Amino acid sequence: MLKLTPLLLLAACGDTYVLVPAYEVVDLGKFTTDTNGLVAVPWEAPEGAVFTEVFCGPYGYETTATAANVTSPDGTTVFDSAAPFQGGLRVGVFDDMLPVLVPVSPNLQAVAGEWSMTLSLAAADLPATVSCSAISGIGQTAAENRVDVHIVFVGVDGIAPGMTALAAESDDTVQAVMSGLDELWVDLGLSVGEVRYSDFSGDVASATSVDDPTELGNLLRTIDDGEELTFFFVRDLVLADDVSLLGRSGGTPGVAGQGGTSKSGVVINVANVVDSPEQVSLTMAHEAGHFFGLFHPTELDLSGNDPLDDTPECIDPEDDGCAENVMWPNPQVGTATTFSREQGWVVAQSPIVRPG
Ligand SMILES: [Zn+2]
């Protein structure tokens, strides 16, 4: 089954015209693992692909999956879970839904042909069956891009006066957050495009305090199909150990342009937005970076690094400028203000950005 969504438009971009990528979503069907939880998932990237993303699930919040390996069309193993920080691809371990995006580095680009991922599912009952789809984009990418943004207020109207869909356009706090995000995106060649505000239509009292990964995933699943990046503003976000988090992307990468999955957007804790709109802007920029496919340059515990050549690998962020990168694991307002050139390249290929 092939669902073609022709977004082929000529978009004005300064004096030049660029082709907006056309999107192709393919339902790959169902795949049943062997008794070890493994199954090969082949998918085709079309001619002229600028990105290709395969995603499999849902398999529930109690189960995790990753890729045992990924091969590119020429048969090269481009990811191997036995050496996950080598090469130009990264694949995380996800509950419920596994996305694998190419590219997340200029070192491994989305060439046409048959790719294959060996899904590795850690389910209690095996064999198990999952559904997979692939989304690919064809066309050209631009140096200057925008992302249309959808802000969903989830029971946060008492925090600042204008934290509702009706009042947000004229609320100083909300507008400070959005312009702060726009400023942080400058290094990525990215700007905030159209902004749409909504009030959450589900069970607000429950959803405003996200208490575990199930609640996080179920909130993200309410996103409709669309070409916006959706941020849910909530009062609290606690996924483990009673620690309040500032924000969380559905995944690194997220499932872009495709609603209804537990990885389709980003959740932001806005409890401190009045005291520090800058913190909320920074959290949005960092978590959106994950959604686009950007990883931490170096993990705080030094367990891994991103696949980019121009982000610093750090042992001590105080010494070598790591903390200046927005994708540093623990970014601080006023210090974490930059992205690298290759981070901008990855974002320009992201399924959710548009030229302009
Ligand atoms: Zn992070």
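Modeller: What follows is a set of questions and answers about this predicted model.

Colleague: How is the chain divided into domains?

Modeller: The automatic or database assignment gives domain 1 (2-138) and domain 2 (145-310 + 317-355). Their centres, taken over C-alpha atoms, are 22 Å apart. The two domains touch: 32 residues of domain 1 are in contact with 28 residues of domain 2. On the domain 1 side, strand E6 (49-57) gives the most, with five residues.

Colleague: Why is Val104 called buried?

Modeller: Count its neighbours. Val104 has 25 other C-beta atoms within 10 Å. The cut-off for buried is 20 or more, so Val104 passes. Val104 sits in the loop between strand E10 (98-102) and strand E11 (113-122).

Colleague: Which residues does Val104 touch, leaving out those up to four places away in sequence?

Modeller: Val104 touches Leu89, Arg90, Pro253, Gly293, Pro307 and Val346. Look also at Val347. Val104 and Val347 are 243 residues apart along the chain, yet their C-alpha atoms are separated by 8.5 Å. Across the chain, take the contacts with a separation of 6 or more: 73% of them join residues 24 or more positions apart.

Colleague: How do you know that the buried residues of helix H1 line one face?

Modeller: First, list them. The buried residues of H1 are Val174, Val177, Gly180, Leu181 and Leu184. Seen down the axis of H1, they fall within an arc of 125°, so they line one face of the helix. Strand E14 (190-199) and H4 are among what covers them. H1 itself runs over residues 172-184 and reaches 18 Å from its first C-alpha to its last, close to the 18 Å expected for 13 residues.

Colleague: What makes H4 largely enclosed by the rest of the structure?

Modeller: Count again. Of the 16 residues of H4, 15 are buried, so the rest of the structure largely encloses this helix. H4 covers residues 277-292 and spans 22 Å, close to the expected 22 Å. Next comes Gly293, with a positive phi near 110°.

Colleague: What is in the largest nonpolar core, and which residues touch the most other members?

Modeller: The core has 95 residues. Leu119, Phe231, Phe232, Phe233, Val267 and Ile268 touch the most other members. H4 supplies the largest share, seven residues. Domain 1 and domain 2 each give the core at least three residues. In soluble globular proteins, nonpolar side chains tend to be buried together.

Colleague: Take Phe231. What does Phe231 touch, leaving out residues up to four places away in sequence?

Modeller: Phe231 touches Val149, Ile151, Gly265, Val266, Ile268 and Met284. One of these, Ile268, also belongs to the set that touches the most other core members.

Methods
Residues numbered from 1 in each chain as written. Predicted model: local features only at pLDDT ≥ 70, side-chain atom pairs only at ≥ 80, totals over all residues. Helix = DSSP H or I, 4+ residues; strand = E, 2+ residues; numbered from the N terminus. Expected span 1.5 Å × (residues − 1). Buried ≥ 20, exposed ≤ 12 C-beta atoms within 10 Å, placed from the backbone. Contact = placed C-beta atoms within 7 Å. Core = buried A, V, L, I, M, F, W, Y, C linked by C-beta atoms within 7 Å. Arc of directions from axis to C-beta.
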